[in-house]
Each structure stands twice: as C-alpha cells, then as structure tokens.
Amino acid sequence: MSSSVLVRTDVASAPAVTGTGPERHRPPGPGWRQRVAPLRRLTGLVAVFLLWQVGASAGWLGSTTPSPAEVVNAAGELIGSGELQHHLGVSLARVAKGLAIGLAVGLVLGLAAGLLRLAEDVIDAPIQSLRMLPHLALVPVFIIWFGIGETSKIALIAIGPIFPLYLNVLHGIRGVDERLVESARSCGVTRLGLILRVILPGALPQILVGLRQALGIGWLSLVVAEQTATTAGVGFLMNDAREFLRTDVIFVVLVIYALLGLFTDLFVRLIERRALAWRRGFTGE
Amino acid sequence: MTEVKVRDARRTFDGRDVLTGAELDIADGEFVALLGASGSGKSTLLRAVAGLDRGATGEFTVPDRRAIVFQEHRLMPWSRVWRNVTLGLSGSDLRGRALRALTEVGLAARADAWPRTLSGGESQRVALARALVRTPELLLLDEPFGALDALTRIRAQALVAKLWADHRPAVLLVTHDVEEALRLADRALVLRDGRIAEEFVVDVPRPREVDHPRLLTLRRDLLRALGVKTSESEETS
C-alpha cells in the first residue's frame with residue numbers, strides 16, 4: 001500500500017531523472033485502497049488473536065491462561081445455556097439507563113454554560129471541582145445514598161460521562177468562529193436558528209470527541225458498578241467465574257468488554273462520517 | 001429619497017477615536033464607494049451602518065432590508081451552498097429562491113456542493129447570492145473582492161455592476177481599490193481623521209472604459225486625497 005505512494009512521489013519529485021515523457025499521476029481516492037481499508041483495520045485485531053493463540057499454546061502466558069479457542073468454546077457454552085444473553089442484557093440495560101441520564105445532563109449543562117454567560121458563571125466552578133474527583137471513588141457514598149440495588153449502579157454509570165461531555169460541548173461552542181455568528185446574525189437568523197444552524201454544527205466535532213470519551217467512561221463505570229452486590233450482569237459473570245477458577249469465562253467477559261468498546265467506537269465513527277461530511281481534515285498518509 | 005442617513009457617527013476603540021462625527025447620505029439606488037487609508041475606519045463605519053457594532057454612537061437611519069458581503073465569504077462550512085444562500089429565511093420554496101439567486105451569479109450548478117469545494121471567487125459569488133436573495137434595499141460590501149486575484153476580481157466587479165443595474169439597491173462599497181471605486185460607484189467618499197473628508201462624483205456614463213479621460217483625472221485626485229503620490233500628480237503639481 002505504501003509502495004504506491006512512494007512511486008508517486010518519486011515520479012513527481014524527479015521527472016527529469018526518469019524522463020519518460022508526461023508524468024502519470026494516479027488519482028488518489030475511491031480505488032482499491034478504500035475498499036481494502038476495512039480489511040486493513042482487521043489485520044491488527046487478527047494479529048492480536050494470533051499472538052494470543054500462539055502464546056497460550058506455547059505456554060508463554062502461564063498455564064492458567066486459556067487460548068482463544070478455549071474462550072470461544074466457553075462462550076459457546078454460555079450462549080447455549082442462555083446465560084450470556086441474560087447477563088449481557090442486564091448490563092446493557094444498566095449502561096443504557098446510566099448513559100441516557102449522564103449524557104443528557106452533560107449535554108444540557110454544556111449547552112447552558114456555552115450559550116449563557118450567567119449559566120457558565122454558576123455551573124462551571126462546581127463542575128470543574130467535581131471533575132477532579134475520581135467518580136469511581138463515589139461507590140461507597142452512592143451505596144449509602146441509594147442502597148446496594150440498581151439505583152446506585154445506574155447513578156455510578158451516569159455520573160462519569162457528564163464531565164467529558166460537558167467540557168467538550170462548552171469548548172466546542174466557545175470555539176465557533178465569531179465571524180460566522182456575526183454573518184448569520186446579519187442574515188436575520190433567529191436566536192433558535194443561530195443555535196441550530198450555526199453554533200451546534202460548529203461545535204459538533206468537539207461534541208463528538210466528548211461523546212467518545214463519555215461512552216468509554218460509561219463502560220468503565222459498568223465494570224466497577226458490577227463488581228459488588230450483583231446477581232446479574234457480565235460483571236457478575238466474571239466474579240462468579242473467579243470463584244470457580246473458570247479463567248476461560250473470565251476471558252469471555254474481557255473479550256465482551258473489548259468488543260463493546262470496539263462497537264462503541266464504530267458507532268461514533270459512523271455518526272462522524274455522516275454528520276461531519278463537510279469537513280476535510282488531515283487523514284494521514 | 002434618502003435611503004441611508006448617518007449623522008455624527010462616533011466610535012472609540014481603547015481610547016483611540018476612529019470615527020469622530022462622520023456623516024453619510026446614500027440616495028435610493030445610489031452606488032457609493034467609501035475609501036480611506038488602512039485603519040481609517042472605513043469598515044468601522046460600514047459595520048456601524050449595518051448595526052453590527054453596538055459600541056458606535058450617532059444617528060443612523062438605515063433600511064431594515066439590508067444585506068452584507070464581507071471580505072471573507074463567511075459561509076457556514078457545514079451547510080450546502082443553497083442552504084447558505086437561504087440562511088435565516090423562512091417560507092415556502094426556499095430552494096427555488098436559492099436557485100434563482102445562484103443562477104444570477106452563475107452558480108446554480110453548485111447548489112448542492114459543500115462550501116469548502118468552492119474557489120475563492122465562487123465563494124464570494126455565493127455570498128453575493130446570499131445577499132441578493134433577501135432583495136435588499138441597502139447592500140453593504142466590505143472589501144468583498146480584497147482577497148481575490150486580479151482577474152477574478154475584475155469578473156466579480158462586473159458581476160456586481162450587473163446585479164446592481166438589475167436590482168438597483170443602494171450600495172455602500174468599502175474598498176481600498178481606487179479603480180474599483182471608479183468602475184462601480186456614482187460617488188466616491190474619502191474617509192480621513194474619522195470623518196468624510198472629500199467627495200468625488202463619478203460623472204462618467206456606464207459602462208465605463210478604464211482609460212476614459214475623466215476617470216484618469218478622478219483617479220489622480222482620489223489618490224491624492226488618499227495621500228498617495230503618483231508620478232502623474234507630481235508632474236501636475
């Protein structure tokens with residue numbers, strides 16, 4: 001892949017040396033490079049799995065580390081008995097509820113602070129101080145406040161994503177070009193129109209960065225929330241497996257966490273591709 | 001009928017007086033060019049007339065239906081070209097109105113393009129279409145061709161001349177380009193020391209040839225008013 005780039009620059013930079021008449025530049029763009037890109041992305045993952053398989057069967061990873069094949073088998077068993085679906089469903093519901101609250105609060109606070117100076121003056125200081133608190137340290141407090149049931153778990157998942165989203169929404173709005181706002185105003189755009197047509201689209205790239213971070217923190221909080229006092233969820237599955245020394249099941253759960261992270265990233269990428277189609281950033285060489 | 005009437009316009013930036021009681025009248029359908037040395041307050045006066053500068057004081061009588069074209073195109077990069085044209089408008093058939101305005105500037109084919117795919121001249125023409133679609137009584141042009149290359153600038157000037165002839169809004173054109181002012185305007189004003197110091201009536205019929213003898217005289221006088229010494233003016237003085 002990189003060789004074609006090299007060839008092109010060679011031709012472009014030293015036409016006199018090659019001296020073979022008119023230069024031939026192959027147009028970049030939607031050729032085989034783009035079709036191969038998803039495959040190329042998979043190569044990294046495949047390499048990790050191969051290393052893992054080789055490492056496990058050669059015994060480099062210790063005798064208790066299962067190989068990918070064993071993990072797949074364990075996952076098959078869990079799926080066959082319906083356990084995996086059940087626990088995954090419970091976990092996904094927790095994350096969905098927590099994120100729904102956390103993202104909504106982060107977005108609303110960020111919008112308020114970004115759009116109204118008064119709101120920024122009131123909200124920003126408390127949020128900045130709370131932000132420095134590792135929210136996972138709140139577990140005991142939340143158990144005292146909300147009990148050991150679902151509420152404290154959802155509260156823990158909800159609190160973390162608020163901060164990155166708030167920060168990025170606020171900074172995204174602050175980063176919108178004042179000249180565009182002025183030009184829109186001179187076009188007679190209403191206050192609501194200004195927010196919908198100018199400020200939010202302008203802040204969107206930064207907001208999506210915040211979304212990415214917020215979703216990551218959501219998953220992290222799920223892991224911690226399910227460590228204690230649960231009887232369902234993938235976290236419980238892992239704790240339970242630890243009791244019975246089922247390292248293969250522990251690895252199944254780890255792989256699930258990894259896959260959830262991967263899907264989250266793909267999801268945000270999809271939004272970015274659709275919503276930021278107007279942008280042209282540096283995409284790497 | 002007077003479209004624009006400005007009396008005693010004042011503006012101070014950090015203790016520096018930029019406008020010190022400028023007065024300005026623009027008649028209905030009149031094309032006025034405003035010239036001045038760099039930093040003389042041309043754009044400040046235009047922004048005050050546009051109502052964009054809350055720090056400016058004075059008496060401003062300005063029509064409500066007005067539109068501005070800035071030096072930079074200031075199109076929303078996240079909106080398609082036609083959406084940019086109708087920004088802030090409501091009502092039915094917005095796309096049709098946008099297309100008609102874009103046709104006038106010769107860009108109907110780019111209606112669905114993203115602004116970043118346009119050249120500098122094309123972007124500026126879209127900005128003109130965005131102003132036109134509002135059928136303004138007053139069109140404010142803040143050095144709209146300043147960032148264009150020489151050839152594109154000449155085409156853009158011809159386009160503005162044509163659009164003005166077709167629609168006849170009152171125009172206030174801020175520029176530092178004497179030729180541009182003489183090619184387009186009915187009157188050229190020179191801003192100096194915070195007020196309108198000199199006025200030149202460009203009494204040459206359109207379309208104007210650049211080498212019209214009257215224009216050459218006016219050009220020399222304007223340059224002298226702007227404090228530029230040309231070889232011609234040295235010869236005559």
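The chat below goes through the chains, the places where they meet and some local details.

Q: What should I know before looking?
A: This is a predicted model, where local features need pLDDT of at least 70 and side-chain atom pairs count only at pLDDT 80 or more, while totals for chains, interfaces and linings use all residues. Residues are numbered from 1 along each chain as its sequence is written, chains are lettered from A and ligands numbered from 1 in the order in which they are written, and side-chain values use heavy atoms, with hydrogens and water left out.

Q: How many helices and strands does chain A have?
A: Chain A has 12 helices and zero strands. Helices (H or I, at least four residues) and strands (E, at least two) are DSSP runs, numbered from the N terminus.

Q: What percentage of chain A is buried?
A: Of its 285 residues, 36% count as buried. Buried means under 20% relative accessible area, exposed means over 50%, and partly exposed is in between (1.4 Å probe, protein chains only).

Q: And the accessible surface of chain A, what does that come to?
A: About 16,900 Å², with 67% belonging to carbon and sulfur atoms. Accessible areas come from the Shrake-Rupley method with a 1.4 Å probe, and for residues only the protein chains shown count as cover.

Q: Which residues make the nonpolar surface patch?
A: The patch of about 920 Å² is made by A:Leu39, A:Leu42, A:Leu45, A:Val46, A:Phe49, A:Leu50, A:Leu259, A:Leu262, A:Phe263 and A:Leu266. Helix H3 (32–58) and helix H12 (247–275) of chain A are the elements that give two or more residues to it. H3(A) gives the most, with six residues. Patches are made of residues with over 30% relative accessible area and no salt bridge: like charges are joined within 9 Å, and nonpolar side chains (Val, Leu, Ile, Met, Phe, Trp, Tyr) within 5 Å.

Q: Why does A:Phe49 count as partly exposed?
A: Because its relative accessibility is 40%. A:Phe49 lies in helix H3 of chain A.

Q: What are the domains of chain A?
A: Chain A is divided into domain 1 (2–58) and domain 2 (68–275), with bounds from an automatic or database domain assignment. Five residues of domain 1 are in contact with seven residues of domain 2, where contact means heavy atoms within 4.5 Å.

Q: How much area do those two domains of chain A bury between them?
A: About 510 Å², 75% of it on carbon and sulfur atoms. On the domain 1 side, A:Arg41, A:Trp52 and A:Gln53 lose the most area to domain 2, together 74% of what that side buries. Buried area is the accessible area (1.4 Å probe) that two parts lose on being put together, summed over both.

Q: How many salt bridges are there across that domain interface?
A: The rule finds zero between domain 1 and domain 2 of chain A. A salt bridge is a side-chain nitrogen of Lys or Arg within 4 Å of a carboxyl oxygen of Asp or Glu.

Q: OK, now chain B. How many of its residues are in contact with chain A?
A: 19 residues of chain B are in contact with 17 residues of chain A. The two chains bury about 1,800 Å² between them, 60% of it on carbon and sulfur atoms. B:Arg74, B:Trp78 and B:Arg116 supply 39% of the area that chain B buries against chain A, more than any other three residues.

Q: How many salt bridges are there across that interface of chain B and chain A?
A: The rule finds three. In one salt bridge, the side chains of A:Glu182 and B:Arg47 meet at 2.7 Å, N to O.

Q: Is A:Ala184 buried or exposed?
A: A:Ala184 is buried, because its relative accessible area is 0%. A:Ala184 sits in helix H9 (residues 178–186) of chain A. Leaving aside neighbours within four places in sequence, A:Ala184 is in contact with A:Val189, A:Leu194, A:Val198, B:Met76 and B:Leu87.

Q: Where is B:Pro207?
A: B:Pro207 is in the loop between strand E9 (195–201) and helix H7 (213–225) of chain B. The peptide bond from B:Arg206 to B:Pro207 is cis, with omega near -5 degrees. Most peptide bonds are trans.
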